[in-house]
Amino acid sequence: MKFSADTVYQIYPRSFKDSNGDGIGDIRGIIDKLDYIASLGVRYIWSTPFFVSPQRDNGYDIADYKKIDPTFGTMADFDELIKRANEKGLKIMLDMVLCHTSSAHEWFQKAINGDEHFQRYYIFRDGRAAGEPPTNWQCAFGGSAWEWQPQVGKWYLHLHDVSQPDLDWTNPEVRKEMADVVKFWREKGVMGFRFDVINLISKPEVFEDDTKGLGRKLFADGPHVHEYLRELVKNAGIDGMITVGEMASTNLENCIRYSNPDNHELSMSFSFHHLKVDYKDGDKWALMDADIPALKKLFEDWQVGMSEGGGWNALFWCNHDQPRAVSRFGDDEKFHAESAKMLAATIHLMRGTPYIYQGEELGMTNAKFTSINQYRDVESLNYYKILRDSGKTDAEAIKILGERSRDNSRTPMQWNAEKFAGFSTAEAWISSPDNFKRINVEMEERDENSVLAFYKMLVKFRKENPIVQDGDISFIERENPAVIAYRRTLGNETLIVICNFKGVETSLQEKSFDEYAAEGYKKIIGNYAEISKELRPFEVVVLQK
Ligand code: GLC
Ligand code: CA
(Lines give C-alpha, C1' and ligand atoms only; values in the text may rest on other atoms or scores of the structure.)
(Ligands and ions follow the chains in the order given, each with its own letter.)
Protein backbone atom coordinates (compact mmCIF):
# COMPACT_ATOMS: atom_id res chain seq x y z
CA MET A 1 0.00 0.00 0.00
CA LYS A 2 0.98 3.59 -0.53
CA PHE A 3 2.25 5.33 2.62
CA SER A 4 2.52 1.99 4.44
CA ALA A 5 6.28 2.45 4.96
CA ASP A 6 5.94 6.06 6.15
CA THR A 7 5.53 7.71 9.52
CA VAL A 8 4.14 11.22 10.03
CA TYR A 9 5.34 13.66 12.70
CA GLN A 10 2.75 16.14 13.93
CA ILE A 11 3.77 19.64 15.02
CA TYR A 12 1.68 22.09 17.03
CA PRO A 13 3.72 25.17 16.08
CA ARG A 14 2.62 27.34 19.01
CA SER A 15 4.27 24.82 21.38
CA PHE A 16 7.14 23.39 19.34
CA LYS A 17 9.99 25.92 19.35
CA ASP A 18 10.07 29.69 19.79
CA SER A 19 12.78 31.37 17.70
CA ASN A 20 12.29 35.03 18.65
CA GLY A 21 11.72 35.01 22.41
CA ASP A 22 8.04 36.03 22.52
CA GLY A 23 7.06 32.79 24.27
CA ILE A 24 5.13 31.44 21.25
CA GLY A 25 6.49 28.80 18.90
CA ASP A 26 6.85 29.76 15.25
CA ILE A 27 7.85 28.63 11.75
CA ARG A 28 11.51 29.60 12.19
CA GLY A 29 11.48 27.42 15.29
CA ILE A 30 10.42 24.47 13.13
CA ILE A 31 13.20 25.26 10.65
CA ASP A 32 15.72 25.28 13.51
CA LYS A 33 14.64 21.77 14.51
CA LEU A 34 14.47 20.06 11.11
CA ASP A 35 17.58 18.02 11.83
CA TYR A 36 15.96 16.65 14.95
CA ILE A 37 12.80 15.70 13.04
CA ALA A 38 14.85 14.10 10.27
CA SER A 39 16.74 12.08 12.90
CA LEU A 40 13.47 10.36 13.82
CA GLY A 41 13.32 8.79 10.37
CA VAL A 42 9.83 10.10 9.57
CA ARG A 43 8.91 11.14 6.04
CA TYR A 44 6.15 13.72 6.59
CA ILE A 45 5.62 16.67 8.90
CA TRP A 46 2.02 17.71 9.48
CA SER A 47 1.75 21.15 11.03
CA THR A 48 -1.49 22.37 12.59
CA PRO A 49 -2.70 25.78 11.25
CA PHE A 50 -0.58 28.94 11.21
CA PHE A 51 -2.84 31.02 8.97
CA VAL A 52 -4.20 34.46 9.88
CA SER A 53 -6.53 33.95 12.83
CA PRO A 54 -7.83 35.63 15.96
CA GLN A 55 -6.54 32.48 17.75
CA ARG A 56 -9.72 31.83 19.73
CA ASP A 57 -9.18 28.15 18.97
CA ASN A 58 -5.40 28.41 18.42
CA GLY A 59 -5.63 28.83 14.67
CA TYR A 60 -8.55 26.52 13.88
CA ASP A 61 -10.51 29.75 13.45
CA ILE A 62 -9.16 31.08 10.18
CA ALA A 63 -9.66 34.65 8.99
CA ASP A 64 -7.45 34.40 5.89
CA TYR A 65 -6.62 31.01 4.37
CA LYS A 66 -3.78 32.21 2.16
CA LYS A 67 -1.71 34.26 4.60
CA ILE A 68 0.59 33.34 7.47
CA ASP A 69 -0.33 34.77 10.87
CA PRO A 70 2.46 37.19 11.95
CA THR A 71 2.60 35.37 15.32
CA PHE A 72 4.13 32.43 13.45
CA GLY A 73 6.22 34.26 10.84
CA THR A 74 6.00 35.28 7.21
CA MET A 75 5.38 33.67 3.83
CA ALA A 76 9.14 33.86 3.25
CA ASP A 77 9.66 31.75 6.40
CA PHE A 78 7.14 29.24 5.11
CA ASP A 79 8.81 29.02 1.69
CA GLU A 80 12.11 28.44 3.44
CA LEU A 81 10.55 25.73 5.60
CA ILE A 82 9.39 23.83 2.52
CA LYS A 83 12.74 24.19 0.82
CA ARG A 84 14.88 23.17 3.79
CA ALA A 85 12.56 20.31 4.72
CA ASN A 86 12.68 18.95 1.18
CA GLU A 87 16.47 19.09 1.22
CA LYS A 88 16.37 16.74 4.20
CA GLY A 89 13.90 14.38 2.56
CA LEU A 90 10.99 15.65 4.63
CA LYS A 91 7.66 16.65 3.12
CA ILE A 92 5.23 19.17 4.56
CA MET A 93 1.54 18.46 5.15
CA LEU A 94 -0.81 21.32 6.05
CA ASP A 95 -3.99 21.39 8.05
CA MET A 96 -7.05 22.53 6.11
CA VAL A 97 -9.96 23.83 8.18
CA LEU A 98 -12.68 23.85 5.57
CA CYS A 99 -15.79 23.11 7.63
CA HIS A 100 -15.91 26.56 9.23
CA THR A 101 -14.14 29.93 9.10
CA SER A 102 -13.47 32.42 11.86
CA SER A 103 -16.23 34.95 12.39
CA ALA A 104 -13.49 37.50 11.65
CA HIS A 105 -13.23 36.18 8.08
CA GLU A 106 -14.17 38.76 5.45
CA TRP A 107 -16.98 36.50 4.19
CA PHE A 108 -18.69 36.35 7.55
CA GLN A 109 -18.19 40.05 8.17
CA LYS A 110 -19.81 40.85 4.81
CA ALA A 111 -22.61 38.40 5.58
CA ILE A 112 -23.54 40.03 8.87
CA ASN A 113 -23.36 43.44 7.28
CA GLY A 114 -26.17 42.51 4.96
CA ASP A 115 -24.43 41.02 1.90
CA GLU A 116 -26.82 38.25 0.88
CA HIS A 117 -24.28 36.68 -1.44
CA PHE A 118 -22.05 35.93 1.55
CA GLN A 119 -24.95 35.03 3.81
CA ARG A 120 -25.32 32.03 1.50
CA TYR A 121 -21.76 30.97 2.47
CA TYR A 122 -22.95 30.20 5.99
CA ILE A 123 -25.92 28.49 7.62
CA PHE A 124 -28.39 31.12 8.79
CA ARG A 125 -31.81 29.90 9.94
CA ASP A 126 -34.92 31.17 11.66
CA GLY A 127 -35.50 29.97 15.21
CA ARG A 128 -38.42 27.70 15.97
CA ALA A 129 -39.96 30.42 18.11
CA ALA A 130 -38.87 33.84 19.33
CA GLY A 131 -35.61 33.44 21.30
CA GLU A 132 -35.39 29.71 20.55
CA PRO A 133 -32.69 28.20 18.32
CA PRO A 134 -33.70 26.07 15.30
CA THR A 135 -32.65 22.76 16.92
CA ASN A 136 -31.26 21.40 20.19
CA TRP A 137 -27.82 20.65 18.72
CA GLN A 138 -24.87 21.28 21.00
CA CYS A 139 -21.48 22.56 19.87
CA ALA A 140 -18.31 20.59 20.60
CA PHE A 141 -17.09 23.03 23.24
CA GLY A 142 -20.29 23.15 25.31
CA GLY A 143 -23.57 25.04 24.84
CA SER A 144 -25.89 25.48 21.86
CA ALA A 145 -24.54 25.09 18.33
CA TRP A 146 -26.66 28.09 17.29
CA GLU A 147 -25.95 31.76 17.90
CA TRP A 148 -28.42 34.58 17.38
CA GLN A 149 -27.13 37.17 14.91
CA PRO A 150 -29.09 40.39 15.50
CA GLN A 151 -27.99 42.22 12.33
CA VAL A 152 -29.19 39.38 10.11
CA GLY A 153 -32.11 38.56 12.38
CA LYS A 154 -31.35 34.84 12.20
CA TRP A 155 -29.40 32.15 14.00
CA TYR A 156 -26.14 30.82 12.56
CA LEU A 157 -24.76 27.31 13.04
CA HIS A 158 -21.39 26.74 14.71
CA LEU A 159 -20.52 23.15 15.53
CA HIS A 160 -17.45 24.40 17.42
CA ASP A 161 -16.81 27.76 19.13
CA VAL A 162 -19.28 30.63 18.52
CA SER A 163 -16.44 32.34 16.62
CA GLN A 164 -16.34 29.39 14.16
CA PRO A 165 -19.44 29.67 11.91
CA ASP A 166 -19.98 26.60 9.72
CA LEU A 167 -19.76 27.00 5.96
CA ASP A 168 -22.63 25.90 3.75
CA TRP A 169 -21.14 23.23 1.50
CA THR A 170 -24.36 22.89 -0.51
CA ASN A 171 -23.31 26.21 -2.06
CA PRO A 172 -21.07 25.37 -5.08
CA GLU A 173 -19.21 28.66 -4.64
CA VAL A 174 -18.10 27.61 -1.15
CA ARG A 175 -16.82 24.32 -2.53
CA LYS A 176 -14.95 26.14 -5.26
CA GLU A 177 -13.34 28.56 -2.78
CA MET A 178 -12.21 25.65 -0.59
CA ALA A 179 -10.70 23.69 -3.49
CA ASP A 180 -8.92 26.88 -4.46
CA VAL A 181 -7.37 27.18 -0.98
CA VAL A 182 -6.01 23.63 -1.13
CA LYS A 183 -4.70 24.19 -4.65
CA PHE A 184 -2.95 27.38 -3.53
CA TRP A 185 -0.91 25.49 -0.92
CA ARG A 186 -0.29 22.52 -3.20
CA GLU A 187 1.20 24.90 -5.74
CA LYS A 188 3.51 26.28 -3.04
CA GLY A 189 5.03 22.82 -2.66
CA VAL A 190 2.93 21.31 0.12
CA MET A 191 2.93 17.52 -0.34
CA GLY A 192 -0.07 16.44 1.71
CA PHE A 193 -3.03 17.58 3.75
CA ARG A 194 -4.89 16.87 6.94
CA PHE A 195 -8.54 17.87 6.75
CA ASP A 196 -10.07 19.17 9.94
CA VAL A 197 -13.47 17.67 10.97
CA ILE A 198 -14.05 17.02 7.29
CA ASN A 199 -16.87 14.53 7.81
CA LEU A 200 -19.01 17.33 9.25
CA ILE A 201 -19.20 19.36 6.01
CA SER A 202 -22.45 17.86 4.72
CA LYS A 203 -25.31 18.76 7.04
CA PRO A 204 -28.56 16.77 7.15
CA GLU A 205 -31.25 17.67 4.63
CA VAL A 206 -33.77 18.45 7.35
CA PHE A 207 -32.73 20.18 10.54
CA GLU A 208 -34.48 18.52 13.44
CA ASP A 209 -33.88 17.90 17.13
CA ASP A 210 -31.68 15.03 18.15
CA THR A 211 -33.80 13.06 20.57
CA LYS A 212 -30.98 10.71 21.60
CA GLY A 213 -27.86 12.84 21.79
CA LEU A 214 -26.27 16.21 21.21
CA GLY A 215 -26.64 16.19 17.46
CA ARG A 216 -23.26 14.70 16.51
CA LYS A 217 -24.74 11.55 14.99
CA LEU A 218 -27.05 13.69 12.83
CA PHE A 219 -24.38 15.79 11.19
CA ALA A 220 -21.42 13.35 11.00
CA ASP A 221 -20.86 11.57 7.63
CA GLY A 222 -23.71 13.55 6.08
CA PRO A 223 -25.56 12.76 2.85
CA HIS A 224 -23.14 14.41 0.37
CA VAL A 225 -19.82 14.07 2.18
CA HIS A 226 -18.27 11.51 -0.17
CA GLU A 227 -19.33 13.42 -3.26
CA TYR A 228 -17.94 16.71 -1.87
CA LEU A 229 -14.65 15.06 -0.99
CA ARG A 230 -14.21 13.56 -4.44
CA GLU A 231 -14.94 16.92 -6.01
CA LEU A 232 -12.49 18.68 -3.66
CA VAL A 233 -9.72 16.19 -4.36
CA LYS A 234 -10.25 16.47 -8.10
CA ASN A 235 -10.47 20.26 -8.25
CA ALA A 236 -7.52 20.79 -5.92
CA GLY A 237 -5.47 18.26 -7.90
CA ILE A 238 -4.39 16.19 -4.89
CA ASP A 239 -5.48 12.66 -5.79
CA GLY A 240 -2.73 10.20 -4.80
CA MET A 241 -1.08 12.60 -2.33
CA ILE A 242 -1.02 11.79 1.36
CA THR A 243 -4.31 13.07 2.72
CA VAL A 244 -5.91 12.31 6.05
CA GLY A 245 -9.36 13.25 7.22
CA GLU A 246 -10.29 13.89 10.82
CA MET A 247 -13.56 11.97 11.14
CA ALA A 248 -15.68 12.89 14.13
CA SER A 249 -18.21 10.30 15.39
CA THR A 250 -17.72 8.24 12.26
CA ASN A 251 -18.08 4.53 11.55
CA LEU A 252 -16.12 1.77 9.84
CA GLU A 253 -18.24 1.67 6.71
CA ASN A 254 -17.70 5.37 6.00
CA CYS A 255 -14.00 5.22 6.78
CA ILE A 256 -13.57 2.42 4.27
CA ARG A 257 -15.24 4.62 1.68
CA TYR A 258 -13.12 7.67 2.62
CA SER A 259 -9.84 5.80 2.39
CA ASN A 260 -10.24 3.11 -0.26
CA PRO A 261 -8.05 4.33 -3.16
CA ASP A 262 -10.70 3.25 -5.69
CA ASN A 263 -12.96 6.02 -4.43
CA HIS A 264 -10.45 8.86 -4.99
CA GLU A 265 -11.32 10.52 -1.71
CA LEU A 266 -8.55 10.43 0.93
CA SER A 267 -5.57 8.20 1.56
CA MET A 268 -6.44 7.53 5.21
CA SER A 269 -8.68 8.53 8.10
CA PHE A 270 -8.46 9.36 11.77
CA SER A 271 -11.24 7.82 13.83
CA PHE A 272 -11.57 8.29 17.58
CA HIS A 273 -13.50 5.41 19.08
CA HIS A 274 -10.36 3.94 20.66
CA LEU A 275 -9.82 7.23 22.47
CA LYS A 276 -13.20 7.12 24.18
CA VAL A 277 -12.71 3.90 26.14
CA ASP A 278 -12.18 5.93 29.31
CA TYR A 279 -15.26 8.15 28.82
CA LYS A 280 -17.88 7.12 31.35
CA ASP A 281 -21.14 6.53 29.45
CA GLY A 282 -19.56 8.25 26.47
CA ASP A 283 -19.07 11.50 28.40
CA LYS A 284 -15.59 13.00 27.99
CA TRP A 285 -16.01 14.93 31.24
CA ALA A 286 -16.85 11.88 33.39
CA LEU A 287 -13.74 9.97 34.51
CA MET A 288 -13.29 6.23 34.30
CA ASP A 289 -10.32 3.86 33.95
CA ALA A 290 -9.66 2.78 30.38
CA ASP A 291 -11.69 -0.30 29.43
CA ILE A 292 -8.95 -2.48 27.94
CA PRO A 293 -11.22 -5.25 26.56
CA ALA A 294 -13.24 -2.54 24.78
CA LEU A 295 -10.03 -1.00 23.42
CA LYS A 296 -8.91 -4.38 22.16
CA LYS A 297 -12.24 -5.03 20.46
CA LEU A 298 -12.11 -1.63 18.72
CA PHE A 299 -8.58 -2.23 17.45
CA GLU A 300 -9.64 -5.61 16.14
CA ASP A 301 -12.81 -4.32 14.47
CA TRP A 302 -11.00 -1.43 12.79
CA GLN A 303 -7.80 -3.26 11.83
CA VAL A 304 -9.58 -6.26 10.39
CA GLY A 305 -12.55 -4.31 9.00
CA MET A 306 -10.45 -1.71 7.19
CA SER A 307 -8.26 -4.44 5.79
CA GLU A 308 -11.23 -6.40 4.45
CA GLY A 309 -12.80 -3.29 2.93
CA GLY A 310 -9.58 -2.03 1.34
CA GLY A 311 -9.43 1.02 3.62
CA TRP A 312 -6.38 2.45 5.33
CA ASN A 313 -6.01 3.61 8.96
CA ALA A 314 -4.05 6.49 10.39
CA LEU A 315 -2.54 5.01 13.60
CA PHE A 316 -2.29 7.32 16.59
CA TRP A 317 -2.67 7.78 20.33
CA CYS A 318 -1.82 11.45 20.63
CA ASN A 319 -2.56 14.75 18.96
CA HIS A 320 -3.17 18.35 20.01
CA ASP A 321 -6.72 17.50 21.16
CA GLN A 322 -5.92 14.43 23.27
CA PRO A 323 -4.33 13.99 26.68
CA ARG A 324 -0.89 12.34 26.63
CA ALA A 325 -1.09 8.57 26.08
CA VAL A 326 1.54 7.67 28.68
CA SER A 327 -0.47 9.44 31.39
CA ARG A 328 -3.73 8.05 30.11
CA PHE A 329 -3.07 4.39 29.30
CA GLY A 330 0.32 3.91 30.95
CA ASP A 331 1.89 4.92 34.25
CA ASP A 332 3.80 8.17 33.85
CA GLU A 333 5.59 7.77 37.20
CA LYS A 334 6.45 4.21 38.13
CA PHE A 335 6.67 2.70 34.65
CA HIS A 336 7.23 5.79 32.56
CA ALA A 337 9.62 4.43 29.95
CA GLU A 338 8.14 0.92 29.94
CA SER A 339 4.59 2.08 29.32
CA ALA A 340 5.58 4.75 26.78
CA LYS A 341 7.45 2.12 24.75
CA MET A 342 4.70 -0.47 25.02
CA LEU A 343 2.10 2.02 23.76
CA ALA A 344 4.33 2.99 20.85
CA ALA A 345 4.84 -0.62 19.76
CA THR A 346 1.11 -1.39 20.04
CA ILE A 347 0.21 0.93 17.18
CA HIS A 348 3.45 1.22 15.20
CA LEU A 349 3.36 -2.45 14.25
CA MET A 350 -0.28 -2.40 13.13
CA ARG A 351 -1.61 -2.03 9.60
CA GLY A 352 -1.78 1.68 8.71
CA THR A 353 0.34 4.82 8.76
CA PRO A 354 1.58 5.83 12.24
CA TYR A 355 1.53 9.41 13.49
CA ILE A 356 3.82 10.71 16.25
CA TYR A 357 2.68 13.86 18.01
CA GLN A 358 5.51 16.16 19.17
CA GLY A 359 6.89 15.06 22.54
CA GLU A 360 5.18 11.67 22.40
CA GLU A 361 8.54 10.26 21.31
CA LEU A 362 9.97 11.39 24.68
CA GLY A 363 7.03 10.08 26.68
CA MET A 364 5.90 13.62 27.48
CA THR A 365 3.16 13.54 30.13
CA ASN A 366 -0.03 15.44 30.92
CA ALA A 367 0.39 19.06 32.04
CA LYS A 368 -0.20 18.42 35.78
CA PHE A 369 -1.82 21.85 36.21
CA THR A 370 -3.24 22.65 39.64
CA SER A 371 -5.14 25.86 38.94
CA ILE A 372 -7.66 27.00 36.33
CA ASN A 373 -5.38 30.01 35.71
CA GLN A 374 -2.89 27.71 34.01
CA TYR A 375 -5.39 26.59 31.37
CA ARG A 376 -5.63 28.32 27.99
CA ASP A 377 -7.87 26.15 25.79
CA VAL A 378 -11.34 27.50 24.97
CA GLU A 379 -12.92 24.06 25.46
CA SER A 380 -11.27 23.61 28.88
CA LEU A 381 -12.31 27.05 30.07
CA ASN A 382 -15.90 26.49 28.91
CA TYR A 383 -16.10 23.07 30.55
CA TYR A 384 -14.56 24.27 33.79
CA LYS A 385 -17.50 26.63 34.03
CA ILE A 386 -20.02 23.97 33.00
CA LEU A 387 -18.59 21.55 35.60
CA ARG A 388 -18.66 24.19 38.34
CA ASP A 389 -22.22 25.20 37.41
CA SER A 390 -23.25 21.54 37.65
CA GLY A 391 -22.12 21.50 41.30
CA LYS A 392 -18.54 20.19 41.10
CA THR A 393 -15.99 21.77 43.45
CA ASP A 394 -12.90 23.52 42.11
CA ALA A 395 -10.78 20.51 43.11
CA GLU A 396 -13.12 18.10 41.31
CA ALA A 397 -13.21 20.20 38.16
CA ILE A 398 -9.40 20.57 38.16
CA LYS A 399 -9.02 16.82 38.53
CA ILE A 400 -11.22 16.25 35.49
CA LEU A 401 -9.40 18.87 33.38
CA GLY A 402 -6.12 17.32 34.57
CA GLU A 403 -7.11 14.16 32.74
CA ARG A 404 -9.21 15.44 29.85
CA SER A 405 -8.07 18.94 28.85
CA ARG A 406 -6.60 19.47 25.41
CA ASP A 407 -3.95 21.63 27.11
CA ASN A 408 -2.38 18.40 28.38
CA SER A 409 -0.83 17.99 24.95
CA ARG A 410 -0.14 21.66 24.31
CA THR A 411 2.59 22.32 26.89
CA PRO A 412 5.93 23.36 25.35
CA MET A 413 8.10 20.73 23.69
CA GLN A 414 10.72 19.67 26.22
CA TRP A 415 14.07 20.24 24.52
CA ASN A 416 16.38 20.31 27.55
CA ALA A 417 16.51 20.75 31.34
CA GLU A 418 17.25 24.47 31.18
CA LYS A 419 14.90 27.31 32.00
CA PHE A 420 11.66 27.18 29.94
CA ALA A 421 12.59 23.63 28.85
CA GLY A 422 14.72 25.01 25.99
CA PHE A 423 11.50 25.98 24.22
CA SER A 424 12.02 29.74 24.50
CA THR A 425 14.17 32.35 26.18
CA ALA A 426 11.03 33.80 27.74
CA GLU A 427 8.06 32.55 29.73
CA ALA A 428 5.93 30.46 27.36
CA TRP A 429 2.25 31.15 26.58
CA ILE A 430 1.45 27.99 28.58
CA SER A 431 3.53 26.45 31.37
CA SER A 432 5.45 23.15 31.42
CA PRO A 433 5.13 20.28 33.88
CA ASP A 434 8.17 20.12 36.22
CA ASN A 435 9.23 16.82 34.74
CA PHE A 436 10.92 18.58 31.79
CA LYS A 437 14.04 18.36 33.95
CA ARG A 438 14.16 14.60 33.42
CA ILE A 439 12.04 14.10 30.27
CA ASN A 440 13.63 16.07 27.44
CA VAL A 441 15.28 15.63 24.05
CA GLU A 442 18.82 16.28 25.24
CA MET A 443 18.71 13.55 27.89
CA GLU A 444 16.83 11.08 25.71
CA GLU A 445 19.38 11.49 22.94
CA ARG A 446 22.19 10.54 25.32
CA ASP A 447 20.52 7.28 26.42
CA GLU A 448 20.49 4.36 23.98
CA ASN A 449 17.62 2.74 25.89
CA SER A 450 15.44 5.84 25.91
CA VAL A 451 11.85 6.14 24.78
CA LEU A 452 13.16 8.29 21.93
CA ALA A 453 15.57 5.57 20.80
CA PHE A 454 12.69 3.07 20.87
CA TYR A 455 10.53 5.28 18.66
CA LYS A 456 13.38 5.70 16.16
CA MET A 457 13.84 1.93 16.09
CA LEU A 458 10.11 1.40 15.37
CA VAL A 459 10.07 3.95 12.53
CA LYS A 460 13.11 2.26 10.98
CA PHE A 461 11.71 -1.22 11.53
CA ARG A 462 8.55 -0.30 9.60
CA LYS A 463 10.57 1.16 6.74
CA GLU A 464 12.68 -1.96 6.43
CA ASN A 465 10.04 -4.66 6.94
CA PRO A 466 7.36 -5.36 4.33
CA ILE A 467 5.52 -7.50 6.88
CA VAL A 468 4.80 -4.41 8.99
CA GLN A 469 3.83 -2.40 5.91
CA ASP A 470 1.67 -4.89 4.08
CA GLY A 471 1.26 -8.02 6.19
CA ASP A 472 -2.14 -9.41 7.15
CA ILE A 473 -3.34 -8.88 10.68
CA SER A 474 -5.34 -11.05 13.08
CA PHE A 475 -5.84 -10.79 16.83
CA ILE A 476 -4.83 -13.34 19.48
CA GLU A 477 -5.27 -13.52 23.29
CA ARG A 478 -8.75 -12.20 22.57
CA GLU A 479 -10.20 -13.21 25.95
CA ASN A 480 -7.22 -11.94 27.95
CA PRO A 481 -8.43 -8.84 29.83
CA ALA A 482 -4.99 -7.25 30.33
CA VAL A 483 -3.31 -8.02 27.03
CA ILE A 484 -3.67 -6.68 23.49
CA ALA A 485 -1.91 -8.96 21.03
CA TYR A 486 -1.91 -9.58 17.32
CA ARG A 487 -0.20 -11.51 14.58
CA ARG A 488 1.13 -10.07 11.31
CA THR A 489 1.86 -12.46 8.46
CA LEU A 490 3.41 -12.12 5.03
CA GLY A 491 4.50 -15.13 3.00
CA ASN A 492 6.29 -17.47 5.41
CA GLU A 493 7.06 -14.79 7.92
CA THR A 494 5.14 -14.12 11.13
CA LEU A 495 5.38 -11.39 13.75
CA ILE A 496 3.61 -11.68 17.09
CA VAL A 497 3.10 -8.46 19.06
CA ILE A 498 2.12 -8.92 22.71
CA CYS A 499 1.34 -5.91 24.92
CA ASN A 500 0.53 -5.91 28.62
CA PHE A 501 -1.73 -2.95 29.35
CA LYS A 502 -1.60 -3.42 33.12
CA GLY A 503 0.97 -2.23 35.67
CA VAL A 504 1.17 -5.74 37.19
CA GLU A 505 2.45 -9.13 36.06
CA THR A 506 0.12 -10.95 33.69
CA SER A 507 0.09 -14.39 32.07
CA LEU A 508 -0.50 -15.32 28.48
CA GLN A 509 -3.61 -17.49 28.13
CA GLU A 510 -3.35 -19.09 24.71
CA LYS A 511 0.30 -20.01 24.44
CA SER A 512 3.25 -19.57 26.79
CA PHE A 513 6.59 -18.04 25.79
CA ASP A 514 8.12 -21.50 26.08
CA GLU A 515 5.64 -22.83 23.56
CA TYR A 516 6.35 -19.97 21.19
CA ALA A 517 10.08 -20.69 21.57
CA ALA A 518 9.47 -24.39 20.83
CA GLU A 519 7.75 -23.35 17.59
CA GLY A 520 10.84 -21.41 16.57
CA TYR A 521 9.85 -17.87 17.54
CA LYS A 522 12.56 -15.46 18.65
CA LYS A 523 12.15 -12.24 20.54
CA ILE A 524 13.25 -9.31 18.39
CA ILE A 525 11.81 -6.24 20.16
CA GLY A 526 10.96 -5.58 23.80
CA ASN A 527 11.04 -3.05 26.61
CA TYR A 528 12.61 -5.37 29.21
CA ALA A 529 15.94 -7.14 28.83
CA GLU A 530 15.49 -10.94 28.82
CA ILE A 531 12.26 -12.78 28.29
CA SER A 532 10.61 -14.04 31.49
CA LYS A 533 7.79 -16.55 32.04
CA GLU A 534 5.16 -13.93 32.78
CA LEU A 535 4.54 -10.57 31.15
CA ARG A 536 5.94 -7.85 33.41
CA PRO A 537 4.18 -4.50 34.02
CA PHE A 538 3.49 -2.80 30.66
CA GLU A 539 5.79 -5.23 28.93
CA VAL A 540 5.79 -5.51 25.15
CA VAL A 541 7.32 -8.51 23.44
CA VAL A 542 7.61 -8.88 19.68
CA LEU A 543 8.34 -12.38 18.42
CA GLN A 544 9.41 -13.31 14.92
CA LYS A 545 9.50 -16.51 12.93
C1 GLC B 1 -10.52 19.68 15.16
C2 GLC B 1 -9.19 20.19 15.64
C3 GLC B 1 -9.41 20.94 16.92
C4 GLC B 1 -10.32 22.09 16.64
C5 GLC B 1 -11.62 21.65 15.95
C6 GLC B 1 -12.35 22.80 15.35
O7 GLC B 1 -11.09 18.77 16.02
O8 GLC B 1 -8.28 19.14 15.77
O9 GLC B 1 -8.21 21.35 17.52
O10 GLC B 1 -10.65 22.75 17.83
O11 GLC B 1 -11.38 20.75 14.91
O12 GLC B 1 -11.69 23.30 14.22
CA1 CA C 1 7.86 33.24 18.54
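1. Start with Asp-377. Asp-377 lies in the loop between β15 (353-357) and α13 (378-389). The model is predicted, and in it Asp-377 is buried, with a relative accessible area of 2%. The cut-off for buried is under 20%. Now look at Met-1. Asp-377 is 376 residues from Met-1 in sequence, and their C-alpha atoms are 38 Å apart in space.

2. Next, ligand 1. Which residues come nearest to ligand 1? There are 14 residues around the ligand, and Asp-57, Asp-196, Glu-246, His-320 and Asp-321 come nearest. The shell divides by type into three nonpolar, four polar and seven charged residues. Find the five named residues in the structure before you read on.

3. Asp-321 has a polar side-chain atom 2.5 Å from an oxygen atom of ligand 1. For Glu-246, a polar side-chain atom lies 2.8 Å from an oxygen atom of the ligand. His-320 has an N or O atom in its side chain 2.8 Å from an oxygen atom of ligand 1. How much of the accessible area of ligand 1 does the protein cover? On its own, ligand 1 has 310 Å² of accessible area, and the protein covers 96% of that. As for its site, ligand 1 sits in the largest pocket.

4. Gln-322 is placed in the loop between β14 (314-315) and α11 (325-328). Is Gln-322 buried or exposed? Gln-322 has a relative accessible area of 8%, so this residue counts as buried. The side chain of Gln-322 also has a partner. It makes a polar contact with the side chain of Arg-328, at 2.8 Å.

5. Phe-3 is not a glycine, yet its phi is positive, about 65°. Phe-3 is found in the segment before β1 (8-11). With a relative accessible area of 11%, Phe-3 is buried.

6. Where is Phe-420? Its place is in the loop between α14 (394-404) and α15 (441-446). Phe-420 has 23% relative accessibility, so it counts as partly exposed. The reason is the cut-off: buried means under 20%, exposed means over 50%, and partly exposed is in between.

7. Ser-19 is next. Ser-19 is found in the loop between β1 and α1 (27-32). Ser-19 is partly exposed, with a relative accessible area of 35%. What separates the C-alpha atoms of Ser-19 and Gly-29? These two residues are ten residues apart along the chain, and their C-alpha atoms are separated by 4.8 Å. Trace the chain from Ser-19 to Gly-29 and see how it returns.

8. Now take Glu-253. This residue lies in helix α9 (residues 252-259). Glu-253 has 55% relative accessibility, so it counts as exposed. Exposed requires over 50%. Glu-253 and Glu-427 are 174 residues apart in sequence, and the C-alpha to C-alpha distance is 47 Å.

9. Finish with Gly-503. Gly-503 lies in the loop between β18 (493-500) and α18 (513-518). At a relative accessible area of 34%, Gly-503 is partly exposed. How far apart are Gly-503 and Ala-129 along the chain? They are 374 residues apart, and their C-alpha atoms are separated by 55 Å.

Key. Residues are numbered from 1 along each chain as its sequence is written. Chains are lettered from A and ligands numbered from 1 in the order in which they are written. This is a predicted model: local features need pLDDT of at least 70, side-chain atom pairs count only at pLDDT 80 or more; totals for chains, interfaces and linings use all residues. Side-chain values use heavy atoms; hydrogens and water are left out. Helices (H or I, at least four residues) and strands (E, at least two) are DSSP runs, numbered from the N terminus. Buried means under 20% relative accessible area, exposed over 50%, partly exposed in between (1.4 Å probe, protein chains only). A residue is near a molecule or strand if one of its heavy atoms lies within 4 Å of it. A polar contact is a pair of N or O atoms within 3.5 Å; within protein, one must be able to donate a hydrogen and the other to accept it, and residues adjacent in sequence count only if both atoms are side-chain atoms. Accessible areas come from the Shrake-Rupley method with a 1.4 Å probe; for residues, only the protein chains shown count as cover. On a 1 Å grid over the protein atoms alone, a cavity is a set of points where a 1.4 Å probe fits but cannot get out, and a pocket is an open set with protein on both sides within 12 Å along at least five of seven lines; lining residues have an atom within 4 Å of a point. A molecule sits in a cavity or pocket if more than half of its atoms lie within 2 Å of its grid points. Ala, Val, Leu, Ile, Met, Phe, Trp, Tyr, Cys and Pro count as nonpolar, Asp, Glu, Lys and Arg as charged, and the others, Gly among them, as polar.
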